[in-house]
Amino acid sequence: MSYSVRATSGKVVSIHYTLTSSAGEVIDSSGDDPLDYLHGGSNIIPGLERQIEGRIVGDKFQAVVPPEEGYGPRYDDAERALPRAAFPQGALIEPGSEFTAETDDGEMIALHIVRVEGEKVFVDTNHPLAGETLTFDVEVVGVRDATDEESAHGHAHGGGCCH
Ligand code: ZN
């Protein structure tokens with residue numbers, strides 16, 4: 001009798017993945033070391049987590065994730081001008097630089113700089129992958145129980161993360 005542990009809430013899942021844009025461009029991949037994440041912990045985008053649900057080690061599949069389950073829709077009016085002083089001391093202020101910022105509601109959002117005009121820094125509050133349909137080629141390479149510490153922290157340890 002064989003027994004396979006499935007990727008469900010509370011498991012630490014290791015995956016190799018390659019992320020491709022709708023234009024066929026490779027955007028990201030796990031590289032040499034797999035990505036470990038806590039399933040059910042909102043560590044990865046919802047559409048990918050949903051399609052990994054119930055998988056076992058050795059499963060290889062393609063997950064196509066629409067924007068609404070990925071990085072959200074792209075908003076046309078998402079450009080904002082911020083003063084240079086709003087950025088951390090010594091930060092590289094140039095087009096393409098990315099920052100995270102906390103909104104008044106305490107929500108963390110990603111910003112990236114689109115252009116700089118003197119003391120004014122124009123940022124786009126769209127995630128760079130907003131509006132994109134994302135294709136992940138995924139291989140599940142590990143599924144194990146999370147440790148108590150990982151469950152308490154809400155993320156997987158090991159693989160360079162986080163302490
Ligand atoms: Zn931790």
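Modeller: The lining of the second largest pocket has five nonpolar, three polar and three charged residues (nonpolar: Ala, Val, Leu, Ile, Met, Phe, Trp, Tyr, Cys and Pro; charged: Asp, Glu, Lys and Arg; polar: the others, Gly among them). The model is predicted, so local features need pLDDT of at least 70 and side-chain atom pairs pLDDT 80 or more, while totals for chains, interfaces and linings use all residues. Numbering starts from 1 along each chain as its sequence is written, and side-chain values use heavy atoms, without hydrogens or water.

The lining includes Tyr 75, Asp 77, Ala 78 and Arg 80. Strand 7 (residues 108–117) gives the most, three residues (strands are DSSP E runs of at least two residues, numbered from the N terminus). About 240 Å³ of space lies in this pocket (an open set of 1 Å grid points over the protein atoms alone, where a 1.4 Å probe fits, with protein on both sides within 12 Å along at least five of seven lines; lining residues have an atom within 4 Å of a point).

For context, the largest pocket holds about 360 Å³ of space. Its lining numbers 21 residues, with Tyr 17, Leu 35, Tyr 37, Asn 43 and Ile 44 nearest the centre. There, strand 3 (35–38) supplies the largest share, three residues. By class, that lining divides into 14 nonpolar, four polar and three charged residues.

Technical notes:
Points joined across faces, edges and corners; volume = space filled by probe spheres on them. Helix = DSSP H or I, 4+ residues; strand = E, 2+ residues; numbered from the N terminus.
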